[in-house]
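Reader: I'd like to learn how to read this one piece by piece. Can you take me through it?

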Amino acid sequence: MRPLDEKETTAVFEKIFKFTGNNLKNIVENPSHEGPDKEPGRYCFRLHKNKVYYVSDSLVKRATNVARTKLASIGTCVGRFTHGGNFHLTIECLNLLAANAKHKVWLKPTSEMSFLYANHVLKGGLGRITESIAPGDGVVVFSMSDLPLGFGVAAKSTQDCRKLDPNAIVVLHQADIGEYLRMENQHEQIIEE
Amino acid sequence: MAANKNKGAKSKNPPLKKKLRNHLFTEKKRPTKKDEVFDDVSDGQSEEEQLEEAEDLLDGDEQVSDFDDASDISDDDDAPLADDFLQGSDDEDEDRGSGSTSGSGSDSDGTDIEEKSRAIDEQREREEEDAQAEMQLNIKEESDEFRLPTKEELEAEQQRPPDLANLQMRIKDIVRVLSNFKELRQEGNTRKDYVDQLKMDLGSYYGYNEFLIGVLVDMFPVVELMELIEAFEKPRPTCIRANTLRVNIHFSVAVFDLCIFRSTIAIISFEMQTRRRDLADTLSKRGVELDQLSKWSKVGLVVYNSHVPIGATPEYLAGFYYIQGASSFLPVMALAPQEKERVVDMAAAPGGKTTYVAALMKNSGLIFANEMKETRLKSLTANLHRMGVTNTIVCNYDGRELPKVLGQNSVDRVLLDAPCSGTGVITKDPSVKTSKSLDDIQKCAHLQKQLILAAIDMVDANSKTGGYIVYSTCSMMVPENEAVIDYALKKRDVKVVPCGLDFGCPGYIRFREHRFHTSLENTRRFYPHVHNMDGFFVAKLKKMSNTKKNLVSSDGSETVEQTQRPEEIHSDEDNKKELEQQKIKKQSPKGKKKSLKAKGLSGNGKVESPATLKNRDRSENGKVELAATSKKRKRKFPSKEEISKAREEKRKAMRGQKKQPKEDKTGI
């Protein structure tokens with residue numbers, strides 16, 4: 001586990017900035033309530049085995065005596081670096097994004113499940129959309145009951161959406177909470193010991 | 001008037017009436033066919049009889065009159081019977097004296113009544129005889145109905161494919177016999193014969209292996225055992241836990257209300273935040289029928305019926321609830337983690353308990369979620385993220401190494417949901433029925449003992465808020481539960497404290513040959529047939545001090561044992577010699593002293609540390625418990641029977657020899 005170097009930091013922040021805009025400041029500066037310390041600390045980003053974690057400082061301190069090979073996860077995982085050196089956000093960071101999202105779309109109940117099976121968001125399934133989305137912006141997808149379902153990249157601007165036909169893609173799928181089921185073949189959903 | 005008399009009779013004659021009642025009951029035992037046949041007849045006639053005397057009927061068909069009598073007694077206001085009481089027994093007449101209002105009435109037809117009463121008495125005697133004869137007959141018939149199969153029959157049975165209906169019948173019969181063994185037993189068969197047959201039948205009917213069914217039979221009385229085994233065949237209700245990190249507690253209440261008072265939805269929804277309202281709406285819209293789990297949990301909901309898989313709703317994926325068995329709530333509730341604490345979950349996957357702990361801590365503090373199996377890490381981290389837990393460090397150690405890694409006395413609370421044989425969750429994993437053996441249980445118990453010591457070592461006894469260890473298993477085996485806690489009590493300075501769960505059965509203090517510390521009453525056991533949750537065990541320990549002084553003292557006691565054993569043998573030999581030589585009666589003190597001397601000499605030869613000698617001296621004084629006590633007690637009355645004593649000595653010597661290799665192992 002180590003802090004991100006400059007290049008990595010830039011990659012991570014750029015990616016998050018696409019979704020949160022200036023709210024990125026909140027993510028970095030929020031006081032952390034995790035950890036046994038009385039004083040609230042700060043959050044930081046740490047890289048561990050290709051994955052980037054967003055974690056309270058005091059947890060990082062406590063985790064130092066866990067061997068590198070034995071540490072599986074700490075705090076919240078926000079994404080991972082691919083072999084090519086690109087940074088991808090993963091579904092685990094959804095809460096972080098949803099809390100600070102700048103661009104949002106809300107899905108009609110009928111198209112919720114479709115999105116949860118990794119399909120793109122179509123105009124027909126769109127319930128609401130925030131103003132001033134430009135193509136290429138990061139968009140967080142909610143259900144009509146404000147349940148964060150995932151995120152993606154806007155394919156069309158808000159303006160264009162008005163005139164689109166129902167089958168046109170509005171948001172390109174990147175991640176959704178259905179992954180918790182799909183990616184976990186050995187995930188014991190129902191029963192635990 | 002009749003009623004009046006009868007009252008008097010009632011109060012004066014309880015024993016007689018009781019007899020009659022008994023009589024009635026014996027009659028009821030008759031085959032029901034007869035009852036049906038005579039039911040109508042007796043009904044009609046009992047009415048008639050209230051008007052006229054029963055005498056002519058007495059001579060009639062016996063069965064019918066039997067019934068008349070019966071119905072009369074049960075009616076409690078029949079004239080003839082009351083009169084009989086008044087006239088038939090002399091002492092009662094005296095008792096009654098002038099207080100009786102019936103005096104004048106009975107005078108007029110005194111002789112008549114006397115005759116009648118005599119007739120009735122006779123008849124009653126006859127009936128009683130009949131009834132008894134019939135009882136005997138019944139018993140015979142019943143025992144004829146069921147007898148244990150002979151060896152040949154069993155062999156023949158093994159040739160054929162198992163006849164399940166027949167097996168079930170036999171199981172039922174044996175259970176019936178065992179629950180009333182004195183009456184229903186078959187001559188020449190011991191209880192053991194029945195129990196053995198029951199074990200065999202249960203094993204083949206439900207598919208248990210010999211070992212497991214044997215243990216279960218040892219643990220429960222037969223009737224309860226049947227309930228338990230039946231409960232294992234049925235699934236437990238699905239429970240979900242509302243995640244307070246994502247949803248407020250009101251959610252669960254709201255859903256609950258929603259199910260029952262649909263009219264109040266509107267009011268509630270105004271009070272709730274949008275998200276929660278919609279969640280409640282959507283869950284019910286999806287056709288999930290929920291109810292509060294029970295009054296001990298605010299976050300638990302039980303799912304009765306669902307049209308959608310509740311493990312795949314968007315709400316589930318968003319971490320609004322977690323699906324977990326009711327039993328999984330218990331250890332966390334017992335742990336009762338506080339905010340800002342350092343907590344370790346030693347066997348965390350798949351994360352149900354860890355996420356609950358995090359929810360109780362409101363994501364503050366720090367949780368070390370450890371999981372040894374690498375393959376389960378993925379589901380653990382996924383669940384933690386899904387449920388929005390951010391205060392967790394997930395690591396992948398063997399639980400026994402944890403004190404070295406995290407530091408001794410470094411955390412406030414430890415949750416040890418130990419890996420176990422899983423005998424409490426046969427419902428979920430029926431393979432346990434056949435796959436577990438004594439060996440597996442012992443292996444589990446060994447690992448559990450190591451783990452619980454590791455858990456205790458990690459906890460800081462001086463923690464302001466904590467200092468607790470919760471140990472839980474989903475096993476029902478005593479070696480994996482009470483024995484482990486008992487072991488921890490001996491090895492570390494901890495005590496068992498109440499779990500904070502106001503239900504559940506107390507743990508065993510004594511089980512067969514085992515005797516555990518009395519504070520083990522504070523542990524809790526949960527059974528499928530009693531609590532409708534998985535078989536479960538929860539114990540909460542409080543660490544009293546960080547010193548391992550108990551460890552030292554137990555080491556000491558071990559050395560005492562060790563030093564004593566050879567001495568025991570020596571003294572036995574001495575005693576034997578003395579027995580042979582002198583046949584002294586007051587031999588015990590002398591023998592002891594002699595043996596001590598002898599031991600001292602031999603000890604010098606063997607080179608002994610002064611400490612062990614000291615220990616031995618203490619034990620010689622009979623002040624050290626443990627191994628010494630049994631010996632001491634036996635030594636107390638040596639003068640009584642020399643023969644029996646000689647036998648004892650022999651036995652002891654044998655035991656000592658047996659123990660020695662075993663103890664050496666543990667000593668190492």
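Author: Start with burial: a residue is buried if 20 or more other C-beta atoms lie within 10 Å of its own, exposed if 12 or fewer, and partly exposed in between, with C-beta atoms placed from the backbone. In chain A, 38% of the 193 residues are buried. Keep in mind that this is a predicted model, where local features need pLDDT of at least 70, side-chain atom pairs count only at pLDDT 80 or more, and totals for chains, interfaces and linings use all residues. Residues are numbered from 1 along each chain as its sequence is written, while chains are lettered from A and ligands numbered from 1 in the order in which they are written.

Reader: What does chain A average in pLDDT?

Author: pLDDT is the predictor's confidence in each residue, from 0 to 100. Chain A averages 89, and 95% of the residues score at least 70. Watch residues 186-193 of chain A, though: pLDDT stays under 50 there, and the model has 20 contacts beyond four places in sequence for that stretch. A contact here means two residues whose C-beta atoms, placed from the backbone, lie within 7 Å.

Reader: How many helices and strands does chain A have?

Author: Helices (H or I, at least four residues) and strands (E, at least two) are DSSP runs, numbered from the N terminus. Chain A has seven helices and 13 strands. Of the contacts in chain A between residues at least 6 apart in sequence, 53% join residues at least 24 apart.

Reader: Now the interface. Which element of chain B gives the largest share of the side that touches chain A?

Author: Begin with the totals: 44 residues of chain B are in contact with 40 residues of chain A. Helix 22 of chain B gives the largest share of chain B's side, seven residues.

Reader: Which strands pair across the two chains, and in which sense, parallel or antiparallel?

Author: Two strands pair if DSSP finds at least two bridges between them. Strand 5 (residues 71-74) of chain A and strand 7 of chain B run antiparallel, joined by three bridges. Ile74(A) has Ile393(B) as its bridge partner there.

Reader: And inside chain B, how many residues of strand 8 are buried?

Author: Five of the five residues in strand 8 (residues 413-417) of chain B are buried. Arg413(B), Leu415(B) and Asp417(B) point one way from the strand, whereas Val414(B) and Leu416(B) point the other way. Strand 8 of chain B runs parallel to strand 5 (residues 342-345) of chain B, with three bridges, and Val343(B) stands opposite Arg413(B). Strand 8 of chain B also pairs with strand 9 of chain B in the parallel sense, over five bridges. In that pairing, Tyr468(B) is the bridge partner of Arg413(B).

Reader: Which residue does UniProt list for "active site", and is Cys474(B) buried or exposed?

Author: UniProt positions are given in the numbering used here, feature names are shortened, and annotations may be inferred rather than shown by experiment. The unreviewed UniProt entry lists Cys474(B). Cys474(B) sits in the loop between strand 9 (468-473) and helix 26 (482-491) of chain B. Cys474(B) counts as buried because 26 other C-beta atoms lie within 10 Å.
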